[in-house]
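Here are my notes for someone opening this entry for the first time. Please keep the viewer open while reading the points in order.

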Amino acid sequence: MSFTIAGTGSYLPQKVVTNDDLATFLDTSDEWISTRTGIRSRHVAVAETVTEMAVAAARAALADSGSAPEQLDLILCATLAGEYITPSLSCMVQKELGACCPAFDLNAACSGFLYALDVAAGYFARGRVKKVLVVCAEAMTRLMDWTDRSTCVLFGDGAAAVVLEPGEDLLAIRLSATGNSDALHIPHVSGNCPYSGYDRGPVSLVMNGQEVYKFAVAAMSQGVEKAAAEAGIALEDIALVIPHQANMRILEAARKKLRMPAEKIASNIGQCGNTSAASLPILLDQLNRQGRLNKGDLLALTAFGGGLTTGACILRWARERKKAEEPAF
Ligand code: ACO
């Protein structure tokens with residue numbers, strides 16, 4: 001027993017910041033950002049809290065699945081940082097929804113959605129749950145050094161959620177972790193303990209872009225290959241690859257390694273940038289609402305992120321294709 005996806009939802013902040021907007025205060029250009037990354041704009045949480053984004057996405061997923069918060073048996077949030085170290089983001093989501101079930105967060109950076117799906121699958125396998133809410137929400141723009149043009153242009157904010165119910169639609173899932181803080185890290189808060197001589201520095205993302213790039217291309221393509229082999233399907237059987245949205249050039253390089261046609265690789269990076277854990281489920285929700293997912297489609301989800309972590313899975317889409325609610329990208 002694993003699960004089936006019964007509903008999806010997402011939330012993107014109202015404020016859209018274009019590359020040209022960034023060029024007004026950074027030594028950068030639309031030409032550099034769009035040709036190196038594929039990103040043209042991103043959503044930035046100005047008024048929204050991480051909790052508010054998470055709750056909006058959760059409500060949309062609950063509505064899509066026809067579920068009520070009281071029916072939830074578990075809330076799992078994947079995030080780098082909610083509003084608080086404690087309470088967890090999932091506890092805040094539980095409170096706002098009025099749910100009554102266990103709730104906890106996990107952090108696997110951009111691979112968080114896939115880690116959360118695997119944890120949820122374990123709960124279903126043990127027969128402990130009938131309805132699980134997985135929420136991924138990130139305010140990446142609050143974790144950036146906005147004087148560092150090599151990182152702050154890459155990220156955006158947003159949230160997405162899925163409602164899971166008992167089913168057999170997770171055909172294979174693979175996760176990995178290779179501890180490495182040199183490639184990418186975000187320091188934790190330092191506090192002001194008078195006995196600590198330890199200052200971690202500002203809470204902002206530090207990244208070796210080229211090291212992450214090389215890791216990402218191999219991780220994204222090998223993840224799909226290995227998950228497909230584990231599921232006993234050929235790459236040609238995959239209807240759509242839904243990859244973590246970090247850089248269009250990473251997606252293109254991974255696509256070439258997989259020898260797949262461009263139309264089988266889904267992307268919204270032009271409009272969203274990298275929203276870390278929220279990236280995959282935002283794209284999944286948009287594809288669902290654009291009527292691009294057909295009943296029986298085999299989907300390959302693949303991600304890499306800070307940690308360094310990776311995740312990949314093969315999911316069968318079991319719902320009828322939606323009448324398009326949103327225009328295609
Ligand atoms: N605008 C203009 N110039 C820039 C910018 C910018 N925004 N950023 C960097 N440059 C300059 C650099 O200063 C450098 O100039 P120099 O040659 O004079 O020194 C030049 O552009 C080339 O810099 P590189 O870092 O070599 O550029 P690269 O082609 O590697 O692209 C990038 C950088 C886009 C970051 C790429 O390496 C990448 O996408 N890496 C993967 C990052 C990623 O996927 N991270 C996801 C993990 S996130 C998570 O897990 C939370």
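Is R289 buried or exposed? R289 is buried, because its relative accessibility is 12% and the cut-off for buried is under 20%. Keep in mind throughout that this is a predicted model.

1. **The partner of R289.** R289 forms a salt bridge with D285. The N to O distance is 2.7 Å. Both residues belong to helix α10, which covers residues 279-289. They are 4 residues apart, so about one helical turn separates them. In general, an α-helix has 3.6 residues a turn, so residues three or four places apart point the same way. D285 is buried too, with a relative accessibility of 1%.

2. **A link across the sequence.** D64 and K322 also meet through their side chains in a salt bridge, at 2.5 Å from N to O. D64 sits in helix α3, residues 50-65. K322 sits in the segment after β13 (307-316). The pair therefore ties together parts that are 258 residues apart in sequence. D64 counts as buried at 13% relative accessibility. K322 counts as buried at 16%.

3. **The network.** Which residues does the salt-bridge network link? Its members are D64, D285, R289, R319, K322 and E325. The structure holds 13 salt bridges.

4. R174 and E230 form another salt bridge. Their closest N and O atoms are 3.1 Å apart. R174 is in strand β8 (residues 170-180), and E230 is in helix α7 (residues 209-231). Parts that are 56 residues apart in sequence are therefore tied together by this pair. R174 is partly exposed, at 33% relative accessibility. E230 is partly exposed as well, with a relative accessible area of 45%.

5. **An open sheet.** Look next at a sheet of 5 strands. Its order is β1-β7-β6-β4-β5, and the sheet is open with mixed pairing. Which strands form its edges? They are β1 (2-11) and β5 (103-106), each of which pairs on one side only. Neighbouring strands are turned by 20° against each other on average, direction ignored. Strands of a sheet pair through backbone hydrogen bonds, either parallel or antiparallel.

6. **One pairing in detail.** Strand β4 covers residues 74-78. β4 pairs with β5 in the parallel sense, over 4 bridges. Within this region, C77 stands opposite D105 in β5.

7. **A helix over the sheet.** Helix α3 lies across β1, β6 (132-139) and β7 (157-167). Its direction is at about 125° to β1.

8. **The buried side of α2.** Helix α2 spans residues 30-37. In α2, I33, S34 and T37 are buried. They cover an arc of only 100° around the axis, so they lie on the same side of α2. What covers them includes α1 (19-22), β3 (41-44), α8 (248-258) and α9 (269-272). Just after α2 comes G38, with a positive phi of about 85°.

9. **Cysteines.** How many disulfides does the structure hold? The count is 0. C91 is in no disulfide, and its nearest cysteine sulfur, that of C77, is 8.8 Å away. A disulfide would need the two sulfur atoms within 2.5 Å. C91 is partly exposed, at 29% relative accessibility. C152 is in no disulfide either, and its nearest cysteine sulfur, that of C110, is 16 Å away. C152 is buried, at 1% relative accessibility.

10. **A buried loop residue.** Where is T141? T141 is in the loop between β6 and α6 (149-152). T141 is buried, with a relative accessible area of 8%. Leaving out residues up to four places away in sequence, T141 touches V44, A45, W146, F155, G156 and D157. T141 and V189 are 48 residues apart in sequence. Their C-alpha atoms are 17 Å apart in space.

Definitions and conventions. Residues numbered from 1 in each chain as written. Predicted model: local features only at pLDDT ≥ 70, side-chain atom pairs only at ≥ 80, totals over all residues. Heavy atoms only, no water. Salt bridge = Lys/Arg side-chain N within 4 Å of Asp/Glu carboxyl O. Helix = DSSP H or I, 4+ residues; strand = E, 2+ residues; numbered from the N terminus. Buried < 20%, exposed > 50% of the residue type's maximum accessible area, 1.4 Å probe, protein only. Pairing = 2+ DSSP bridges. Axes fitted to C-alpha atoms, helices over the stretch in contact; angles between N-to-C directions. Contact = heavy atoms within 4.5 Å. Arc of directions from axis to C-beta.
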